[in-house]
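Open the model in your viewer and follow along. We will go through pockets and then aromatic rings, one selection at a time.

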Amino acid sequence: MKRSLVLAGGGMRVAWQAGVMRALAEEGLEFHHVDGSSGGILTAGMLLSGVSPEEMCTRWSGVNVKDFGSALPAGDYLKGPWALPAIGDADGILNKVFPALGINDATIRGRAAEPGAVEGSFNVVEFTEKRCHAIDATAIDAELMAAGMSLPIFLTPLRRDGKIWTDAVWMRDANVAEALRRGAEEVWLIWCIGNSPYWGDGPLEQYVHMIEMSAMGALLADFEVASAAGREFVLHVVRPEHPLPLDPEFYLGRIDADTLIGMGYRDARAYLDAMTPAGVPKDASCTAMTEPAAGVRFNDTLRGELDGSPLTFKATVVLPTAGSTVSPQFTGFLEHPLFGGRVFFSDGRVVTEGHDVTYRARIRLDGGWQDVSLTRTLRDDPGPDAWTDSRQALLKVDGLGVGSLSADLTMTLADAAALLASVEPVGAHGFVDRAEAVASFAANGLRELLARY
């Protein structure tokens, strides 16, 4: 069975796809063809450059997202906003982001020319003809890859030999048609563009909505053409339950690559646990998402030592506001040489009992699953000092070959400061709702869990 991996766009947020790829690799899934569009070009470029899914996660953690933006010559900005070519250009992507992620166009071309190699394609629009080109991996180069990520307004297009090359997102954000053209019988679509009923106000939200409409319109058209031609194939879709944070949140440090990777791993694991051989319907429901409950998201990091090596537990927690019927959840990772480095959490949830607040999850080690818990005991004293009350925690990992593991972890002052700095509203739109969500967390913090669960 020929299996294609179709990597949709999503801007810098495609760091999420690294977590997805980590989970798919753990299941032994292999692909005969890899296709990338828009931001998905980064993931496709890494895979076709020979970067393993585990290394993809590590490399994304080291990327400086500010490198995605690079300035135009000063003279361009003097032209004024109505004659400005774009906000910036793709030099940062070419010279900094690609090397940081291990993307090398010469390596891609060389590997693609080898007998039995995984096929690759990169989608770039040629503006003069208004046509999307699925450029084969044997013919791709770094400038064309960067052009395929050069979203109009934000980055200038590539001008070469009288033609203009730019991001394909307005024509297609996921080229299922190319996968079928190459004979795919099973398509794995990795989708991180939002697709919820929510319509937001303001130019950024509505610019994103236009992308969402174009992306879904092209995807549905691919399905309709395949159906009309009697082309049968199995479709699997990995997508977030809720829309991912937009690029500005990543760029401004309100969310980081580790958080997105953890979300991707969680979402892939959720699909793998529930999937059937028949896949999912080839209609709009395959990428449908819901808006999250109003609340806040924050990073909770604790550290310790085990066998002379540092041990790190990092959780990105989504805490609904008071009155919500939605339970708190978390994603993240556990890192120590005993686990081979960093392992990501699946099924992360928060459980309370008395004054104990426990993070519970699973990690995959040596092909099997182990249960992880981290418990804090919160003192019920007054004042907004939850982080002081809960600095100490007990970590347990069950089911290891050497038996259960336990270790004492501590939240440092720096980690406490990072937690407060990371607090960001979710599911809240508009200044007032966002401010209320943050104020609720500032007043109650983790202690609010005790009163509600």
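What volume does the second largest pocket have? The answer is about 780 Å³, where a pocket is an open set of points on a 1 Å grid that fit a 1.4 Å probe, with protein on both sides within 12 Å along at least five of seven lines, and lining residues have an atom within 4 Å of a point. This is a predicted model, in which local features need pLDDT of at least 70 and side-chain atom pairs pLDDT 80 or more, while totals for linings use all residues. Numbering runs from 1 along each chain, and side-chain values use heavy atoms, without hydrogens or water.

Select G11, M12, L151, F154 and D247: of the 29 lining residues, they are the closest to the centre of the second largest pocket.

Next, go to the largest pocket, with a volume of about 1200 Å³. Of its 44 lining residues, P243, L244, P245, P292 and V426 are the closest to the centre.

Now for the rings. Show W60 and F68: their ring centres are 6.3 Å apart and their planes are at 10°, so they are stacked (centres within 6.5 Å, planes under 30 degrees apart). W60 is buried, at 1% relative accessibility (the cut-off is under 20%, with a 1.4 Å probe and protein chains only).

Move on to F313 and F330, which are both buried. Together with F345 and Y359 they form one aromatic cluster.

Finish with two charges over rings (NZ of Lys or CZ of Arg within 6 Å of the ring centre and within 35 degrees of the ring normal). K282 has its charged end over F233, 4.9 Å from the ring centre, and R362 lies over the face of W369 at 4.0 Å.

Key:
Grid points are joined across faces, edges and corners, and a volume is the space filled by probe spheres set on the points. Rings of Phe, Tyr and Trp (its six-membered ring) pair if their centres lie within 6.5 Å; planes under 30 degrees apart count as stacked, over 60 as edge-to-face and the rest as tilted. Buried means under 20% relative accessible area, exposed over 50%, partly exposed in between (1.4 Å probe, protein chains only).
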